[in-house]
Amino acid sequence: MFSFDGLISGIDSRTIIEGLTSLQQQQIDRFQVRQGNIRDQQKSIQGLEARVLSLRASMGQLNRTTNNAFNSMKANSSHENIITATVGNQAIEGAYNLRVTSRATAHQLGSNGFAAAAAEIPTGSISIQVGDRPVTEIQIDNSNNSVSGLVQAINRDSADVSASLIHDQASGMDRILLTSKHTGVANQISIVNNLDNPPGITRPDFSGPDVQAAADATIQLGSGAGAIVSSFATNQVDSLIQGVSLNLLSVDTNQDVLLTINRDTEPAVNVVQEFAKLFNDVMSYINEQTRFDPETQTAGPLLGNRSVTDLKNQLLSMVTDSVPGLTGGLSRLSQIGVTLESNDRLVVNSDRLSRAMNGQLEGVNPTQIRRLFGLTGSSTNSNIEFVLGSSRTRAAATPYQVDIIQAAEQASITATGNLPELTVVDSTNNQFQISLDGITSETLTLAEGSYSRSELASQLQSVINASSKLGNRSVAVAINGEGLRISSNSYGSSSQVANLTGSAVA
């Protein structure tokens, strides 16, 4: 029996093969280690990316053009049982003495009495109108000729009046109560009763005295000889004080309500604190991923990564350096109480920030604080407004000269004829199609009724903007002289209004 450890030539092939295999395995092991390191680095980069994106979103809250936290205002009422208020960014700080001498009420009419809700009434029609709004005609036939049937028909067909059944204890009878859905003296209910009047059947009659008279809200601003008295159709008053919406809750002719409008610092403090929290999260993560432990001789997966080091330096510079292009002495976050500690942690002094927002820090203008956190711009022309910039936008030592050669315009079509004072829309003239910004609508239908010029414009705009085929394309309809003008809400060459066809065109 023979045994060979090598080739007959005497070469030790087993040792050579094992050596080659061992060398190859070492290469595989090194490759697997490198592969593991790359996976760890990839995972760390993904974690860093998520935190940086959160930080960027927070910065968007700080420097957005509309509803900016630094522009927030608040209202305080000395008697919230009489007046409450909400404010927008256009409100101006101030104090106002107000007195509510009346609230707006809705007109209410009651019918004559009936023995029961099921009592029979005559057939025919009743026309109901609130103010100068469209007339609603209520049809009564053999399917609904009862007191409750009339109530249901009114609630189904009228957009301006609600009806309910009320039991009058004094007479022991049921009565129909009509209530206008719109307050104010201009919104009184008018009834034209065209129901039949056969013998033996009680006919609904709304000609009696008002259950409740329509009234306007009245507010007195100030208490001197020059006090301003204003009336409004609703108890939600938006047009007395700029940027302030008043809610009138009760009347007290002897009580002045002090309404103060101040800057609201809480939203700004909250978004700055959130920014600092996310900034600290990014810095802590970078420090953790780039650490080196001399005791265990282990390193974080991003140690030595130049891109991560550059990012960290950029973030630190962002919160410590002067912001270029700012004037007026305010150019650093530290001036408003946002400082960087030695451990790369951003700290917000909420009290100092609030005082800065309220103009209580010398040399700090509250309107300039927003410019510390984001790109802003101003224009000497009120018709040109800065909206946004990008990372490529640079602060300019001298203003940019902008010459508008051609402004983008909106497409529109204008009627050649004049509208009558009152337009009646029925089944013969209520349908149309229109092409808007290159898209043609489905057949659209106007609600039947009688319309003043402004009401017809509002109805036409509402119907077009509710089109399913037009999607988010919309129009504005206005009175031009005594006719209608339909304008696309988009601008530029894509803005188109055309192909208005159908029975409603006349």
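Author: Contact here means heavy atoms within 4.5 Å. Not counting residues up to four places away in sequence, Ser 77 touches Ile 83, Val 257, Leu 258 and Leu 259. This is a predicted model, in which local features need pLDDT of at least 70 and side-chain atom pairs count only at pLDDT 80 or more, while totals for chains, interfaces and linings use all residues. Residues are numbered from 1 along each chain as its sequence is written, and side-chain values use heavy atoms, with hydrogens and water left out.

Reader: Does Ser 77 count as buried or exposed?

Author: Buried means under 20% relative accessible area, exposed over 50%, and partly exposed in between (1.4 Å probe, protein chains only). Ser 77 counts as buried because its relative accessibility is 9%.

Reader: Which backbone nitrogen does the side chain of Ser 77 reach?

Author: A polar contact is a pair of N or O atoms within 3.5 Å; within protein, one must be able to donate a hydrogen and the other to accept it, and residues adjacent in sequence count only if both atoms are side-chain atoms. The side chain of Ser 77 reaches the backbone nitrogen of His 79 at 3.3 Å. A polar atom of that side chain also lies 2.7 Å from the backbone oxygen of Ile 83.

Reader: How many bridges join strand E7 to E8?

Author: Strands are DSSP runs of E, at least two residues, numbered from the N terminus, and two strands pair if DSSP finds at least two bridges between them. Antiparallel strands E7 (residues 161–168) and E8 are joined by 8 bridges, with Ala 163 opposite Leu 178 in E8.

Technical notes. Helices (H or I, at least four residues) and strands (E, at least two) are DSSP runs, numbered from the N terminus.
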